Amino acid sequence: MPVYTEPMAVFTSMVYQNEYLADGSTDVNAIVRIECSDAGAAGQTGVGDVGEIVIVDTSASMGLVNMQAAKDAAMVAVDTILDGTYVAIIAGNHRAYLAYPRVTSGPGMVRMDPTTRAQAKAAIASFRADGGTAMGSWLMLARSLFRSIPSLVGRHAILLTDGENHNESVTQLDASIRGCLGEFQVDCRGIGVEWQVSEIRKIAQALLGTVDVIPSPRELPGVFRDLITRSMSRGVPDAGLRVWIPQGAQVMFVRQVSPTVEDLTHRGSSVDPLTTVFPTGAWGDESRDYHICVRLPAKAVGTEQLAARVQLATGAAILTQGLVKAKWSADASLTARISPEVAHYTGQTELASAIQEGLSARAEGDDRTATMKLGRAVQLATQTGNAEAANRLARVVDVADAATGTVRLKKNIDKADEMALDTASTRTTRIRG
Amino acid sequence: MTTFDHDTPGVEWRPDAPEATVPLRPARPRFDAYPDACAACGGELGIDGYCQRCGQKAKSLREHYEMAPARWVGGVCDIGVSHARNEDALACQANDRRAVMVVCDGVTTSDDSDLASMAAAHAACDLAWAQDPQGTGTPSSRAAALKALLTSAMTSANEAVVDCTDPESVNAAATTIAMAIVDDRWILAANLGDSRVYWFPDGADPWQVTRDHSLAQDGMDSGAERAEAESSALAHTITKWLGRDAIDLIPNMGVVEISRPGWVIVCSDGLWNYASEAVDLAAVVALCVAEDTTALELASRLVDWANAQGGHDNVTVACARVDPASAEC
């Protein structure tokens, strides 16, 4: 009998830290790099089915050009989704409509095959721009559709919008986002410049996805293909970052710092009194860095102890473990060093905040704060070698001296450049060398 | 049986018989295991070697172990604070009348000194424990027989070190040894290198029973003060040791006739580095001892004390409480 072996994802971890603490010191910082290889394709590794939902804004503001681009893009997405994946298409305006499959009850998703793919594309072809925008309702419909297929182990959606969430209050949208936490992942894309980066980022961050601006409708199909391709390459449907700390210790923060900055600190749930699990979503062949800070009760010089066990787990199965250590020492040459990785990502995290705070101050007309924050951002981007951020910043401010962060706000800023700077603010670079 | 006939497609083939070899590394005690529970909080240990509750790094049984063959005899062998490996070793045996205590300190710059010290300590202890020479019955002949026993223990310990030395090694394993046999009214001590035996009688002058083989001791023999001799750069260079390239195996020996109760201490330099003079170490012992302190408790407190002073070296201490008036010894 032939033996068929499934591809098996392999996780490895590396810890970067200075484990030496000066007498009386309590805070341990570490960067934990987790790498996944041989992840396999989503839904094809034998661990269960995956579902993919395409959510398209069909509000009146989309107009003819954007609507046509969105239709083209949604069809490309459908073409890219692998056979066997459960799919649904949502058309959203001030209400949420299940465009495909056209069912009113029961399972709200169907398996992709040549027939259903053609039907899905026919449904997309009938979209026309009309009505307002209520993204919370779109998310809640997606949740219900995913829930209607109990066998799903991986759930991913892409959401396209062009405008503000006019037909829902902030509270309503927030409640919907909360309702979808841990239910599925969403990558969000905004077309044009009439949408709010902060609004869409809120959705993407909570639901473990990405956010980006697409200035030109022509780019949309390519963007959708890339998003679906990446989603389909995530053979590990759901994994959690487990952080164990010793009794009496405290987690100060847990952040993903690469490829993007995402603060996970308040998103953990308790596994046992000493272990918290933070959501990380699906994994493909990729590498992510996490910055962990743990506060310990100070111990005597010479003591060595574990400050944290950082693990990646699917359910109860621990796939890799990194050990964060603490050694108290009287040797200042050991304790004074700062890990280059910790220093780098501390700078990158501050860079992301400086950009977001600077742009937000500018939007509120507070040019003084905006100049100061964006100046600091230019300085940090230069120091940490983040050329992408430096280039984007240069489109929003005139840089007099990057080293000191001396800048002047540009008089005329392309709105798309500003939004691109905002959406890309959380993207980090790896340390050089 | 191999036969040849025309029908076989070939002949049977066997590889050449391997050359007869002797095992290079005979069985040694395995000390790579971990204890059952965390020494700090009693929590369960993770397979990563750290406590699952308090995170304390567990010491392997090679890095820290304790022996207490009798209430009046006990010892602790500990990695200390600064060193990455425990090259000290401890072995002891006791019943209610006799005790054998051995401390070895592997030479850091030699290969496999952690294996060598362990092999030496157990070999010397096993040999001295297995034989109980009585001499012709007179006290002096008994002491002479015990001295002969110490000499053969040195030989046995050296064979054990050589047995676990890789013949290819250009940096042959080496270790010090200090041992004491407490037998009836006698303490017999012997050493090679700078591990020591002290005798701390209650209410009388303490003294160091052994005499180091070290450049520091040579310095003192030439008239230097102890403090000066022991703080020189080469003070810790030993002039005799166990190992394949040992100079000789003639130990320094010391004999004590026990006339009052007291403590016998066998230790590595990880302890005496912080209190070398017998009176100084006796003062530390006095601080660590209460009415009903067991030998193991005293050894443990002395190790903790050395670690609190910095623990710059591995530290091993074996103690025996002797009392000529009691049933014990």
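The model is predicted: local features need pLDDT of at least 70, side-chain atom pairs count only at pLDDT 80 or more, and totals for chains, interfaces and linings use all residues. Residues are numbered from 1 along each chain as its sequence is written, while chains are lettered from A and ligands numbered from 1 in the order in which they are written.

**Chain A overall**

- Chain A contains 11 helices and 20 strands; these are DSSP runs numbered from the N terminus, with helices (H or I) of at least four residues and strands (E) of at least two.
- The radius of gyration of chain A, 23 Å, is close to the 22 Å that the globule rule gives for 433 residues, so chain A is as compact as a globular protein of that length. This radius is taken over C-alpha atoms, and the rule is 2.2 Å times the number of residues to the power 0.38.
- Along the principal axes, the C-alpha atoms of chain A fill a box of roughly 70 × 70 × 40 Å.
- Of the 433 residues of chain A, 48% count as buried. With C-beta atoms placed from the backbone, a residue is buried if 20 or more other C-beta atoms lie within 10 Å of its own, exposed if 12 or fewer, and partly exposed in between.
- Among contacts in chain A with a separation of 6 or more, 76% come from residues 24 or more positions apart. Two residues are in contact if their C-beta atoms, placed from the backbone, lie within 7 Å.

**Domains of chain A**

- The domain assignment gives domain 1 (10-40 + 235-337), domain 2 (49-232) and domain 3 (341-426); such bounds come from an automatic or database assignment.
- The C-alpha centres of domain 1 and domain 2 of chain A lie 34 Å apart.
- In chain A, 7 residues of domain 1 are in contact with 9 residues of domain 2.
- On the side of domain 1 of chain A that touches domain 2, strand S11 (236-244) and strand S15 (275-283) each supply at least two residues, and S15(A) gives the most, with 3 residues.

**Local features of chain A**

- Helix H11 (residues 415-423) of chain A has buried residues that include Met419(A), Ala420(A) and Leu421(A). The elements covering the buried residues of H11(A) include helix H5 (197-206) and helix H8 (340-363) of chain A.
- Asp285(A) lies in the loop between S15 and strand S16 (286-295) of chain A and counts as partly exposed, with 16 C-beta neighbours inside 10 Å.
- Not counting residues up to four places away in sequence, Asp285(A) touches Cys36(A), Ser37(A) and Ala39(A).

**The sheet in chain B**

- An open sheet of 5 strands in chain B has the order S3-S4-S6-S7-S11, with antiparallel pairing; two strands pair if DSSP finds at least two bridges between them.
- Strand S3 (88-94) and strand S11 (252-257) of chain B are the edge strands.
- Strand S6 (residues 177-183) and strand S7 (residues 186-192) of chain B pair in the antiparallel sense over 7 bridges, and Asp183(B) has Trp186(B) in S7(B) as its bridge partner.
- Helix H1 (residues 113-130) of chain B packs on the sheet, touching S3, strand S4 (98-105) and S6 of chain B.
- Helix H2 (residues 139-163) of chain B also packs on the sheet, touching S6, S7 and S11 of chain B.

**Between the chains**

- At the interface, 9 residues of chain B are in contact with 8 residues of chain A.

How values were computed: Axes are lines fitted to C-alpha atoms, for helices over the stretch in contact, and angles run from 0 to 180 degrees between N-to-C directions.
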